[in-house]
Amino acid sequence: MKIIFIILILSSTYLWAQTDWVRWGKADYSYQQKDPSFERNYSIDSQNLGRAALKSFADAYWILISDVDGDNCSFSPTCSNFFVQSVEKTNIVQGTLMFFDRFTRDMDIFGKLGQYPRVPDGHYYDPISLYTLNPRKIKYIPPPAVINNE
Amino acid sequence: MKNLIIYLFLLTSFSFSQNKIPVRNINLFSPLNIKIFGDYLFCQKDYLRAIGEYQHYLTMASNDTVEFKIALAYSEMSDFSKAAEKFAAIRSNSPFYSDAEMELMKSLFQAGDFFEFRKNFQNVIGKNSTAFSKTISLYNFSFLLTNNPLPAEQEFLGAFPKEDLAKVKNFYEWKENPPEKSPVTAAILSAIIPGAGKFYTHKYADGIWAFIASVGFAYLSYDNFHAKHYFRGWLFGGLAAGFYAGNVYGAAASAQIYNAKIHFDFVSDLKSFLDARNYFLPKFKFCK
């Protein structure tokens, strides 16, 4: 048993030997758990009345429901963030349509696996740029990939 | 038994202990030994360290093979722009000049710099028949990865060996008529039957949920209006309209994502094919 164990250790050392084509550097690690509410921008743009009204709804949802309920959306960015960002990047009408489409996709509780790439915390990566109807902005990432969207 | 093992261990330790006298006579950092160590690292595919040794060697001696192997090492590490820079620096009197010309074009191709690739190919035409005959296949392939108009099929396929013709013809036909989905068709289908556009773009689960959300809320709206619950009727009606319009919009977006996916798969297939053929260039056997 001991011998088998030693052979296993030695063989794994040789099989997965270091092949460092890139020099190792110092890596800064943070073990702090991320709280999505810290990444939220609660500010309201007073210059645009329509956006201010929609942002107020989003802020109210974040403060009263989402922050209390916890990190439950399976997507990154979350559906509410997606809504805010899509309105900011397009316009109120297109942003609202993008949000309804996203919400429909979020309803699918079985089919998401294998359809989207993931971010390191396990959420499905589904950025706004894919849905603005501008083909040049679409950067396709195949589903098994884990990407860093920071 | 234990004692015997201990004696044997001690005996071998003393008998074969390190003898420093011969080591003193070997200069481990002589140019030749540095090159030998660099060659060893190169063959172990430890390219980064091999480059370090080779560059150290080149400060003491000049060697065409080593210069070429540095460029090749960068290429193996997928640092194509650096590899191109090193291949371009190989002098015309080097025995590797012709190979470097071809490898330079391969690196430019792999880096996706098709403008520079074609410029180099124009220089090769008529000047170096070996480089021309080896890289014309790559030149033709560059049309499959850019949006430039494709050459005529016969002219395009003429550059490839018989065993690759079927596969290359498939690539050519795909590029000529990519099996894309129309965003307009997807939107119209979803406008007629909610979710149909998502089915068209192979997003079946999304299509089913789009249908359920649109039709479900429309039914709730109808039912509440029927029961004279007007507030709820308008509320569900608004949601039904939102999900319906979102489903039409989402179908068009889904078609665009589908098109991006098939183009991504096409490029991946093409690169795998070229990798398997070593980009139609000869392989170098520097290692046994």
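This is a predicted model: local features need pLDDT of at least 70, side-chain atom pairs count only at pLDDT 80 or more; totals for chains, interfaces and linings use all residues.
Residues are numbered from 1 along each chain as its sequence is written, while chains are lettered from A and ligands numbered from 1 in the order in which they are written.

Chain A has 4 helices and 2 strands, where helices (H or I, at least four residues) and strands (E, at least two) are DSSP runs numbered from the N terminus. Along the sequence of chain A these elements follow the pattern α-α-β-α-α-β. Of the 150 residues in chain A, 18% are buried, a residue being buried if 20 or more other C-beta atoms, placed from the backbone, lie within 10 Å of its own, exposed if 12 or fewer do, and partly exposed in between. Among the contacts in chain A with a separation of 6 or more, 57% join residues 24 or more positions apart; two residues are in contact if their C-beta atoms, placed from the backbone, lie within 7 Å.

Within chain A, helix α3 (residues 79-89) packs against helix α4 (residues 92-107) at an angle of about 155°, with the axes 8 Å apart. Such axes are lines fitted to C-alpha atoms, for helices over the stretch in contact, and the angles run from 0 to 180 degrees between N-to-C directions. That angle makes α3(A) roughly antiparallel to α4(A), given that angles under 35 degrees count as roughly parallel, over 145 as roughly antiparallel, 65 to 115 as roughly perpendicular and the rest as oblique. The contact draws on C79(A), F82(A), F83(A), S86(A) and V87(A) from α3(A), and on I92(A), G95(A), M98(A), F99(A), R102(A), F103(A) and D106(A) from α4(A). By class, this contact of α3(A) with α4(A) has 8 nonpolar, 2 polar and 2 charged residues, where Ala, Val, Leu, Ile, Met, Phe, Trp, Tyr, Cys and Pro count as nonpolar, Asp, Glu, Lys and Arg as charged, and the others, Gly among them, as polar.

Chain B is divided into domain 1 (26-142) and domain 2 (183-273), with bounds that come from an automatic or database domain assignment. The centres of domain 1 and domain 2 of chain B, taken over C-alpha atoms, are separated by 52 Å. In chain B, α4(B) and helix α5 (residues 64-76) pack at an angle of about 160°, their axes being 10 Å apart, and α4(B) and α5(B) are therefore roughly antiparallel to each other. Residues making this contact include Y47(B), I51(B) and Y54(B) of α4(B), together with V66(B), I70(B) and A73(B) of α5(B). By class, the contact of α4(B) with α5(B) has 9 nonpolar, 1 polar and 2 charged residues.

V124(B) lies in helix α8 (residues 114-124) of chain B, and V124(B) counts as buried because it has 22 C-beta neighbours inside 10 Å. Not counting residues up to four places away in sequence, V124(B) touches E101(B), A131(B), F132(B) and T135(B).

Between the chains, 23 residues of chain B are in contact with 21 residues of chain A. On the side of chain B that touches chain A, α4 (47-58), α14 (204-226) and α15 (230-276) each supply at least two residues, and the largest share, 14 residues, comes from α15(B). By class, that side of chain B has 15 nonpolar, 5 polar and 3 charged residues.
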